[in-house]
Amino acid sequence: MVNHLEYYKVFYYVAKYQSVTAAAEHLAISQPAVSQSIKQLENVIGAKLFIRTSKGVRMTAEGELLAEYVSKGYEQIELGEKKLVQMLNLELGELRIGASDMTLRFFLLPYLEQFHEKYPDIKVMVSNAPTPETLSYLQEGKIDFGVVSTPFDKVPGMDVVRVKEIEDIFIGGRKFISYKNKMLDLQELQRLPIISLEKKTSTRKFMDSFLEKNNVVMNPEFELATSDMIVQFALRNMGVGSIMKEFAADYLESGRLFALRFNKIIPKRYFCIVTDGKNPVSAAGRKLLDMIYKGHEEAMVEDDKDGYF
C-alpha cells in the first residue's frame, strides 16, 4: 500500500467529489493524470472502482467499500497535518521541563509566566526534582530540557548553558550573634550545629566538596528536604544554615538573620539550561528557550573553568 499512497489520494478526491474534473482541479493536476492514477489503482487491487456517467462518475460496490476505509484514513492524515501545523504555531502542544524548587523559584518562574501569557494553549508540565533526577529525566527523554544548578556530572551529548550566577552562604540567627561581623575560619563550622539540604542535592554536594578541599567535614545536625525549611530552622536558632543566599534575602535585609563571614571565599555556582542532543526539543520548548536565551545573550556555553559541573 505504501507504494501506492498517491493513487489512494487521487481516489479519495474522485470519490469525494464524484468527479474526475473536480478532483483534478483540487489536486492541481490534469484530468488525464487523475484518470491514469485511478486506472493504475484498479490494476493494483484488481477491481473496477468507478463507472463514468453523464454527470461525472459513480462508485462501484467495490469502490464504495474501499472509499469507506480510505476516507477515514485520509481524513486522519489531514487532521494530523492540521494538528502538526497548530503545534508548530504553538496553538496546541505541551512543554515538559525539569527543575528544582530553587531553579524554578529564582530563575524559571518569570519566564513560564511570560510564556503562558503569550501561548495559553500550550500545556506546561514541570517535573519538580533535584538536579540528579532532572538529568535522568532528560536522558530518558521525559522532559524537553532541565534547569539545574551546578555541580553535576555531565554526560556525552549533553549541552549546557550557564544562565545565572548564584551564591551560597551560611546563615545564623540571634543565638549566634557573637559570630556576626567576625572573620571566621572554615574549621569553625565543625563546632557549630549545621542545618543543610539532603545529600542527594547538587547544593549539598557542592558544599561538601568545597569544605573537604579545605579539610573541613560537615556533619549536619539537621538534613532537610527544602531550603525554605532551612531558613525556618535558622530563624528558630536551631543551628547555622547552609543555603543559597536568595532564599534568605528578606530576612538578611530585615536583620533577623545574618550571613557568616569566612577567611576563604565560597566559589560561585550557576543555574544552567541542559538539553540532550539525542532527544529533540519540542516546538514549545524551543520557543521558551529562545525567550530565556534572549535575556541572557552573554551566557557562557559549556564553560567549566571552575570545575563545578
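Modeller: A search of the whole structure finds 11 aromatic pairs. Rings of Phe, Tyr and Trp (its six-membered ring) pair if their centres lie within 6.5 Å; planes under 30 degrees apart are stacked, over 60 edge-to-face, and the rest tilted. This is a predicted model, in which local features need pLDDT of at least 70 and side-chain atom pairs count only at pLDDT 80 or more, while totals for chains, interfaces and linings use all residues. Residues are numbered from 1 along each chain as its sequence is written, and side-chain values use heavy atoms, with hydrogens and water left out.

Colleague: What is the geometry of the pair formed by Tyr13 and Tyr74?

Modeller: Tyr13 and Tyr74 are edge-to-face, with 5.6 Å centre to centre and 80 degrees between the planes. Tyr13 is in helix 1 (residues 5–17) and Tyr74 in helix 4 (residues 61–88), so the pair ties together parts 61 residues apart in sequence. Helices here are DSSP runs of H or I with at least four residues, strands are runs of E with at least two, and both are numbered from the N terminus. Tyr12, Tyr13, Tyr17 and Tyr74 form one aromatic cluster.

Colleague: Is Tyr13 buried or exposed?

Modeller: Buried means under 20% relative accessible area, exposed over 50%, and partly exposed in between (1.4 Å probe, protein chains only). Tyr13 is buried at 4%, and Tyr74 is buried at 15%.

Colleague: Which residue lies over the face of Tyr270?

Modeller: A charge sits over a ring if NZ of Lys or CZ of Arg is within 6 Å of the ring centre and within 35 degrees of the ring normal. Arg162 lies over the face of Tyr270, at 3.9 Å from the ring centre. The charged end of Lys72 is over the ring of Tyr69, 5.8 Å from its centre.

Colleague: What should I look for in the backbone?

Modeller: Most residues other than glycine have a negative phi, and most peptide bonds are trans. Ala28 has a positive phi of about 60 degrees although it is not a glycine. Ala28 lies in the loop between helix 2 (20–27) and helix 3 (31–45), and is exposed, with a relative accessible area of 68%. Asn181, also not a glycine, has a positive phi of about 65 degrees.

Colleague: Which peptide bond is cis?

Modeller: The bond from Thr150 to Pro151 is cis, with omega near 5 degrees. Pro151 is found in the loop between strand 5 (145–149) and strand 6 (158–166).
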